[in-house]
Amino acid sequence: MPADLWSQFDAAPLTLTLRVAAVATLLALLLGVALGWVFARTRLPGRGLLEAVCMLPLVLPPTVLGYGILVLMGRRSALGGWLREHFDYTVIFNWHGAVIASTLVALPLVLKGASSAFSQVDRNLEAAARTLRQSRWSTFVRVTLPLAWPGILAGTLLAFARAMGEFGASLMVAGSIPGQTQTASMAIYDAVQAGRDDLALMLALIVSAVSVAILVLSNRFLQRSSP
Amino acid sequence: MKRLLLALSLALPLLASAQQLTVSAAASLTDAFKEIGPRFEASKPGATVRFNFAASGVLLQQIVQGAPVDVFASADQETMNRGAEQKLIAADTRRDFASNTLVLVTPPGSPVKAMRDLSLADVKRVAIGKVASVPVGRYTQQALESVQLWAPLQPKLVFADNVRQVLDYVSRGEAEAGFVYRTDAELAKGKVVIAMTVGGHPPVTYPAAVVADSRQAVLARDFVTFLGSSEAQAILAKYDFGKP
């Protein structure tokens, strides 16, 4: 690698990408496990429709997602206007906007992993725990969750990789502000547009290496969860 | 027989594209060129024109990467100069066909009336084009530098992919101000107001040229010439472009 490229190298997009992906994955994990349990174990009316809506970000064009967030949370929207007026807060041009977009695209992966893991857990083991006077919550935490864990973790790792790669919706909502909201995928896009192929290649290689590592890990957990 | 028909129907678009011209044009030219295209087609029976609109710097990068483009129309001389240096355009075909003005726009009812007002605390975000690839961003940088506002405004700047995105940011009210061309501001009348005309930068002139690798060099040259015709100039004037 040429010395000047190294001296110009800015790690901010990479650290921001990891930060956005980490927060988004955590949110997706909490939401995904809760919803996954609901979809796998309950007979909630309208469950099918709700599940389809949650899975939607997986198939929707990122532009639709970005536009949706703009419409719902932009300054001219009820929620966005209220947040701005009372808290001087907005997700637009803010890295939190990228977190919202990444959470939405990561959620389906956790959700699918969790709901299929929950439906594979042997209900007899849960019943046994209940006969041993464990509460519902205790049964969930000490029996169901540990048994479903490999499947959930595999989904979560995929979600992290997906969140790291989020581009379109984040760009529309958070913009590409160097040092503030510019993630690695946006920095690559800017570098290509500006003809900085050396910088684009370097970032692309780093992002690819991290993603491959995550996918390898995720596959391991998947194999363990479905023997 | 069926197979033959299928093969023919697949080949037809290829034959038809023999007279197809691909024009890569600066985003600010979008509306005017969409109107000029059919007029050019009418003057050249059998020819079809397709447009590729983006920031001039992005368009040049596409040409560098070998995109099949016949005509390049840039929003500044600098981008076209870079194309000429890399021998990507046929230099003898280059000609200026329009000019424009840089303006400061805001949503209606904004307190921003001049450049110095951008320093107000109420102005949280100022949208400009990306300096590396969007000409209007470069003009904006030069204008802000000329009044010593470039460095102090850095924390407020939001960089857009092209001039139309700057306009969108301001018309949605997500940015309190932005720098666009007068022609763009006129298209969004009602959603944005022009606070002032901005100086302190080189004149905004639009050059067009035939791309060196064009396979439709004759038709491409005709298109560049057509841009200077009274018919095309009338359309450009309608959209508030100036004479070159």
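1. Helix α7 (residues 163-171) of chain B lies across β5, β6, β7 and β8 of chain B. Its direction runs at about 145 degrees to β8(B). Axes here are lines fitted to C-alpha atoms, for helices over the stretch in contact, and angles run from 0 to 180 degrees between N-to-C directions. Helices (H or I, at least four residues) and strands (E, at least two) are DSSP runs, numbered from the N terminus. Two residues are in contact if their C-beta atoms, placed from the backbone, lie within 7 Å.

2. This is a predicted model: local features need pLDDT of at least 70, side-chain atom pairs count only at pLDDT 80 or more, and totals for chains, interfaces and linings use all residues. Residues are numbered from 1 along each chain as its sequence is written, while chains are lettered from A and ligands numbered from 1 in the order in which they are written.

3. The sheet in chain B is open and has 5 strands, ordered β7-β6-β8-β5-β9, with mixed pairing. Two strands pair if DSSP finds at least two bridges between them. β7 (157-160) and β9 (193-197) of chain B are the edge strands; each has a single partner strand, so one side of each lacks a neighbour in the sheet. From one strand to the next, the twist averages 35 degrees.

4. Strands β6 (residues 126-129) and β8 (residues 177-181) of chain B pair in the parallel sense, over 2 bridges. B:V126 has B:A177 in β8(B) as its bridge partner. Helix α5 (residues 135-146) of chain B also packs on the sheet. Helix α5 of chain B touches β5 (102-106), β6, β7 and β8 of chain B, and its direction makes about 120 degrees with that of β6(B).

5. Chain B is split into domain 1 (10-99 + 204-238) and domain 2 (102-197); the bounds come from an automatic or database domain assignment. Their C-alpha centres lie 28 Å apart. Contacts join 15 residues of domain 1 of chain B to 17 residues of domain 2 of chain B. On the domain 1 side, α2 (30-43), α3 (56-64) and α4 (77-85) of chain B each give two or more residues. The largest share, 3 residues, comes from α3(B).

6. Between chains, 13 residues of chain B are in contact with 13 residues of chain A. On the chain B side, α3 and β7 each supply at least two residues. Here the largest share, 4 residues, comes from α3(B).
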